[in-house]
Amino acid sequence: QVHLESGGGTVQTGGSLKLSCTLSGSIYDNMCVSWFRQVPGQEREGVAALYTGGYGTYYAHSVKGRFTISQDKDKNIVFLQMDTVRPEDTGMYFCASAMLCPGDVADGRWSGRIFTDWGQGTQVTVSS
């Protein structure tokens, strides 16, 4: 694992949580950083992504309007602000980086296949 996630925990439905991803390893002025969610038995699914050069942010359809991805570029930290959370937001959240975002991020649905550097994940549990 290269990156370091933090901020996970248990939150009630409708509440908020803020995750942090401290980037390390190969860091470029403009690269794609994405948050992924994984539940047991399923593949990791993209939740939110951004270009660190400020060229765009992308969201999965299921979180658009509720989650916000942002960064502190000076500190190499990418955040995921999770608001109005739902039980289906429960899962292990990972951050990952790649030179480019997958072509289907604009469609709101992407996998982690092309991402090279990952963190160890942080667990988020939304209680009903």
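## Disulfides

A disulfide is a pair of cysteine sulfur atoms within 2.5 Å. In this predicted model, the count by that rule comes to two disulfides. One of them joins Cys21 to Cys95, with an S to S distance of 2.0 Å. The torsion about the S-S bond of Cys21 and Cys95 is about 65°, so this disulfide is right-handed. The pair links distant parts of the chain, 74 residues apart: Cys21 belongs to strand S3, and Cys95 to strand S9, which covers residues 91–98. Cys21 is buried, with a relative accessible area of 0%, and Cys95 also counts as buried, at 0% relative accessibility.

The other disulfide is formed by Cys32 and Cys101, whose sulfur atoms are 2.0 Å apart. With 95° about the S-S bond, the link of Cys32 and Cys101 is right-handed. This pair, too, links distant parts of the chain: Cys32 is in strand S4, while Cys101 is in the loop between S9 and strand S10 (117–118), 69 residues apart. Cys32 counts as buried at 0% relative accessibility, and Cys101 counts as buried at 9%. When the bonded cysteines of the protein are numbered in sequence order, the pairing is 1-3, 2-4.

## Strand S4 and its partners

How enclosed is S4 by the rest of the structure? Six of the seven residues of S4 are buried, so this strand is largely enclosed. S4 pairs with S5 in the antiparallel sense over six bridges, and with S9 in the antiparallel sense over seven bridges.

Arg37 illustrates both pairings. In S5, the bridge partner of Arg37 is Glu45; in S9, Arg37 stands opposite Tyr93. S4 and S5 form a hairpin with six residues between them. Gly41, in the turn of that hairpin, has a positive phi of about 85°.

In soluble globular proteins, nonpolar side chains tend to be buried together. Here, the largest nonpolar core has 24 residues, and those with the most contacts inside it are Trp35, Leu80, Met82 and Tyr93. At least two residues of this core are supplied by each of S3, S4, strand S5 (45–51), strand S7 (67–72), strand S8 (77–82), S9 and strand S11 (122–127). A second, separate core of 13 residues includes Phe36, Tyr58, Ala96 and Val105.

Which residues does Met82 contact, leaving aside its neighbours within four places in sequence? The contacts of Met82 are Gly15, Ser16, Leu17, Leu19, Arg66, Phe67, Tyr93 and Val124. Tyr93, listed here as a contact of Met82, is also one of the residues with the most contacts inside the largest core.

A pair of aromatic rings is described by the distance of the centres and the angle of the planes. Five aromatic pairs are counted in the model. In one of them, the rings of Tyr51 and Tyr58 have their centres 6.3 Å apart and their planes at 80°, so the pair is edge-to-face. Tyr51 and Tyr58 are both buried. In the rings of Phe115 and Trp118, the centres are 6.3 Å apart and the planes at 65°, so this pair is edge-to-face as well. Phe115 and Trp118 are likewise both buried.

Phe115 and Trp118 form one aromatic cluster with Phe36 and Phe94.

Ser20 is placed in strand S3. Is Ser20 buried or exposed? Its relative accessible area is 18%, and a residue under 20% counts as buried, so Ser20 is buried. Not counting residues up to four places away in sequence, Ser20 touches Leu4, Glu5, Ser6, Trp35, Ile77, Val78 and Phe79. Trp35, one of these, is among the residues with the most contacts inside the largest nonpolar core.

Ile27 is found in the loop between strand S3 (17–22) and strand S4 (32–38). With a relative accessible area of 32%, Ile27 is partly exposed. The C-alpha atoms of Ile27 and Met99 are separated by 9.4 Å, and the two residues are 72 residues apart along the chain.

Technical notes. Residues numbered from 1 in each chain as written. Predicted model: local features only at pLDDT ≥ 70, side-chain atom pairs only at ≥ 80, totals over all residues. Heavy atoms only, no water. Helix = DSSP H or I, 4+ residues; strand = E, 2+ residues; numbered from the N terminus. Buried < 20%, exposed > 50% of the residue type's maximum accessible area, 1.4 Å probe, protein only. Phe/Tyr/Trp six-rings, centres within 6.5 Å; stacked < 30°, edge-to-face > 60°. Core = buried A, V, L, I, M, F, W, Y, C linked by side-chain atoms within 4.5 Å. Contact = heavy atoms within 4.5 Å. Pairing = 2+ DSSP bridges.
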